[in-house]
Amino acid sequence: MPSMLPVIHEATVEPRWVDYNGHLTEFAYAWIFSDALTALFDRWDIAARYRERTGCTMYSLENHMVFRREAKLGTQLRVGYRLLDWDAKRLHVLLELYDPDGAAIALYEGLSIHVRQKAGEPPRSAPFPDDVQTRMADIHASFAAEPAPRRGASSISIRRPTATT
């Protein structure tokens, strides 16, 4: 079985997620990755309960999905995770979607920012509290010995052949 990241979420391809090509449709990949990211933030205690306690939450700044293989109706899926990087306000996360054999089907790379939501004020980015920064440092360090994961493109472009003269 191929090497997998630690699993944070599981899902089964549902009929409403299958498109006219007979495989998992694009919105469903995003749905699965969103559920996985919520589960991950919940595990790291920066999700709903954290927001209730602190008035702070996580917003997505940017994300990219790369599709590698198709998933058909009824396929059991698992999502693995890795904290690629972090700073006082941001998290750079990699999620990878696996089939039952552990083969990578899709990849999600996202950047999220810590935001303070205060009544009567617009949301503003804010540094993580010290305890969260310590936790993120520990989580990030836990991946240090692992080989760098295979990632998708950091930008989208159409590569064109160069002209030769």
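Reader: Is Ile139 buried or exposed, and why?
Author: Ile139 counts as buried because its relative accessibility is 14%; buried means under 20% relative accessible area, exposed over 50%, and partly exposed in between, with a 1.4 Å probe and protein chains only. This is a predicted model, in which local features need pLDDT of at least 70, side-chain atom pairs count only at pLDDT 80 or more, and totals for chains, interfaces and linings use all residues. Residues are numbered from 1 along each chain as its sequence is written, and side-chain values use heavy atoms, with hydrogens and water left out.

Reader: Where is Ile139 found?
Author: Ile139 is found in helix α3, residues 130-142. Helices (H or I, at least four residues) and strands (E, at least two) are DSSP runs, numbered from the N terminus.

Reader: Which residues is Ile139 in contact with?
Author: Leaving aside neighbours within four places in sequence, Ile139 is in contact with Trp44 and Leu83, where contact means heavy atoms within 4.5 Å. Ile139 and Trp44 are 95 residues apart along the chain, and their C-alpha atoms are separated by 8.9 Å.

Reader: What else does Trp44 touch?
Author: Not counting residues up to four places away in sequence, the residues that Trp44 touches include Tyr81, Leu91, Val93, Arg135 and Met136.

Reader: Which residues touch the most other members of the largest nonpolar core?
Author: They are Leu24, Trp44, Leu91, Leu95 and Leu97, in a core of 36 residues. A nonpolar core is a set of buried Ala, Val, Leu, Ile, Met, Phe, Trp, Tyr and Cys residues joined through side-chain atoms within 4.5 Å. The most to this core comes from α1, with eight residues.

Reader: Which residues of α1 are buried?
Author: The buried residues of α1 are Ala28, Tyr29, Ile32, Phe33, Ala36, Leu37, Leu40 and Phe41. They pack against β1, β2, β3, β4 and β5.

Reader: Why do residues three or four places apart point the same way?
Author: An α-helix has 3.6 residues a turn, so residues at that spacing point the same way.

Reader: What span should α1 have?
Author: The 18 residues of α1 should span 26 Å at 1.5 Å a residue, and this agrees with its end C-alpha atoms, which are 26 Å apart. The expected span of a helix is 1.5 Å times one less than its number of residues.

Reader: What follows α1?
Author: Asp45 follows α1, and the phi of Asp45 is positive, near 60°.
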